[in-house]
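Reader: I am new to this structure and would like to learn how to read it. Where do we begin?

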Amino acid sequence: MGTVFKKSVPGREGVWPEKPATKVEYYIPSELLRKGSGMPSLSELDVVRHFTKLSMKNYGVDSNFYPLGSCTMKYNPKFTEQVAALPGFARLHPAVSQLKGAGHLCQGALEVIFETERLLSELCGMADFTMHPMAGAHGELTGVMLIAAYHRDKGNKKTKVICPDSAHGTNPASATIAGYEVVSVESHDGIITPEALAEVLDDDVAAVMMTCPNTLGLFEKHLPEIVKMIHDKDALLYYDGANMNAVMGKMRVGDAGFDVVHLNLHKTLATPHGGGGPGSGPVGVCEKLTPFLPISRVKKLEDGQYYLSYDAPKSIGYVAPFYGNFGVYLKAYAYMLRLGRKGLIRATENAVLNANYMRKRLEKYFEIPYNRICMHEFVLSAVNQAKNGVRALDVAKALLDKGHHAPTIYFPLIVKECMMIEPTETESKETLDLFVNDLIEIAKLANQNPDFIKNAPVTLPVSRLDETKAARDMVITDDIK
Ligand SMILES: *Cc1c(COP(=O)(O)O)cnc(C)c1O
């Protein structure tokens, strides 16, 4: 469709900008000024159509189903946007809280931080939370830094962090950046067993990072034994809470024995994400880790006034400018209040129900390596289709032709030709059926006419690329259909 500049017709005018009161030459040397306006000559309608068409090439939850496993691409209700746009929040400068005598100008925002920390502590059964981390991985890094600070304070010399082989790649990355050696523990039948853990758990282990339900969508049913083993070694237990959508109101992480948890508000608590953010990855801790939480902390005086406290001698310091992504967790706060206890529990139940419904409907057509009741997501394998040369990648591309977003493919790494599907609770049965029917048709075609699938997509502006060549030998063009 080309850029808006290509559509320019000399002499056509849309808007008549006001002449500035001061000539621009007053501010910018004339030799640096662009000759001519540099703007395309178009009518307002030309511009509106151009950008409307461009926007329609976007794929998002607002337009279509987005079953990207592990990412929880659920629908974000619009009322949270209205709350975040309230001028009292949206126009508040974060530095106001630090101006002497201006505390009364930001009481509402401080209350939001304070109350969000209370709600998340309640939801997870933790002693306290920090809202500073700005993404899941940032929360992990903060969490592992808290663990390191705890061991340092106790005089423990520990050098290793254990991550399951099914872990999200950010887990070992965060532990490594925090200075630990990462040791992998193998899963058996999709989960971690006490026997497998015993093989790698020694006195040098500072923490074990678990995801529950794990990235296969399976609940770690040996948790009680595992928790005890880890605490017996004076190691701490980290909970990657990116999959919290599966257990809200059903399991409290703290009650299960975890010491640190991060949540992905941009997944579980319905704030928009994708394309790099913004996110929010608050971290919850048990009582003994609270002295190490990042600064600042929001405190409440007896008279009900809120203030920011920097008085925390054991704190790991700053992990983010100001107070993290305020606008994002403000939406999560509004969402939690709106749904309430019952609503959050129902969200979790429907997320799990939707995943199991799809799993059952698909089990005759695809290999399901761990085919038992799953949590909010499940993993299919295209190994049978691969016998005809149709791989998970091809199935994903064929789904694009049918107008769907592809599931996550080739993650977790422990399942061959894997496709990870997470429907979320916000989708209707009709939407799930449409997707499942199309996937079944693709499975049948993979037997009858594998080449057709290997050539997909054929209906999109960009057809099948040589992905290596596309990365190394880029052709950048605005000339798309
Ligand atoms: C998404 C995810 C993360 C990382 O979160 P980001 O906000 O993308 O940094 C970590 N662990 C799991 C299991 C996830 O699904």
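Author: We begin with pairing in a sheet: two strands pair if DSSP finds at least two bridges between them. Keep in mind that this is a predicted model.

Reader: How many bridges join E11 to strand E12?

Author: In general, strands of a sheet pair through backbone hydrogen bonds, either parallel or antiparallel. Here two bridges join E11 to strand E12, residues 418-421, and the two run antiparallel. Across this pairing, isoleucine 409 stands opposite methionine 419 in E12.

Reader: What is the order of the strands in this open sheet?

Author: The open sheet has three strands in the order E10-E12-E11, with antiparallel pairing. Strand E10 (378-381) and strand E11 (408-409) are the edge strands, each pairing on one side only.

Reader: Which residues have the most contacts inside the largest nonpolar core?

Author: The general idea is that in soluble globular proteins, nonpolar side chains tend to be buried together. In this model the largest nonpolar core has 60 residues, and Leu120, Tyr239, Met244 and Leu269 have the most contacts inside it. Helix H10 (residues 326-362) supplies the largest share of this core, nine residues. A second, separate core has 27 residues, including Met358, Ala382, Phe435 and Ala443.

Reader: What is leucine 269 in contact with, leaving aside its neighbours within four places in sequence?

Author: With those neighbours left aside, leucine 269 is in contact with Lys74, Leu120, Met248, Asn264, Ala332, Tyr335, Met336 and Leu344.

Reader: Take asparagine 264 from that list. Is asparagine 264 buried or exposed?

Author: Buried means under 20% relative accessible area. Asparagine 264 has a relative accessible area of 4%, so it is buried. Asparagine 264 is found in the loop between strand E6 (260-263) and helix H9 (265-268). Leaving aside its neighbours within four places in sequence, asparagine 264 is in contact with Gly136, Gly241, Ala242, Leu269 and Ser280.

Reader: How many aromatic pairs does the structure hold?

Author: A pair of aromatic rings is described by the distance of the centres and the angle of the planes. The structure holds eight aromatic pairs. One of them joins phenylalanine 322 and tyrosine 323; the pair is tilted, at 5.8 Å centre to centre with 55° between the planes. Phenylalanine 322 is partly exposed, with a relative accessible area of 34%, whereas tyrosine 323 counts as buried at 9% relative accessibility.

Reader: Why is the pair of phenylalanine 326 and tyrosine 329 edge-to-face?

Author: Planes over 60 degrees apart count as edge-to-face. The planes of phenylalanine 326 and tyrosine 329 are at 75°, with the ring centres 5.5 Å apart, so this pair is edge-to-face. Both residues lie in helix H10, three residues apart, about one turn of the helix. Phenylalanine 326 and tyrosine 329 are both buried. Together with Phe89, they form one aromatic cluster.

Reader: Where does arginine 118 lie?

Author: Arginine 118 lies over the face of phenylalanine 114, at 4.6 Å from the ring centre.

Reader: Which residues does UniProt give for the feature "domain: Aminotransferase class V"?

Author: The unreviewed UniProt entry places that feature at residues 148-274. In the model this span is 28% helix and 21% strand, and its end C-alpha atoms lie 31 Å apart. Another UniProt annotation from an unreviewed entry, "domain: Glycine dehydrogenase C-terminal", covers residues 347-445. Over residues 347-445 the chain is 47% helix and 10% strand, with the end C-alpha atoms 35 Å apart.

Conventions: Residues numbered from 1 in each chain as written. Predicted model: local features only at pLDDT ≥ 70, side-chain atom pairs only at ≥ 80, totals over all residues. Heavy atoms only, no water. Core = buried A, V, L, I, M, F, W, Y, C linked by side-chain atoms within 4.5 Å. Buried < 20%, exposed > 50% of the residue type's maximum accessible area, 1.4 Å probe, protein only. Helix = DSSP H or I, 4+ residues; strand = E, 2+ residues; numbered from the N terminus. Contact = heavy atoms within 4.5 Å. UniProt positions renumbered as here; feature names shortened; annotations may be inferred. Phe/Tyr/Trp six-rings, centres within 6.5 Å; stacked < 30°, edge-to-face > 60°. Lys NZ or Arg CZ within 6 Å of the ring centre and 35° of its normal.
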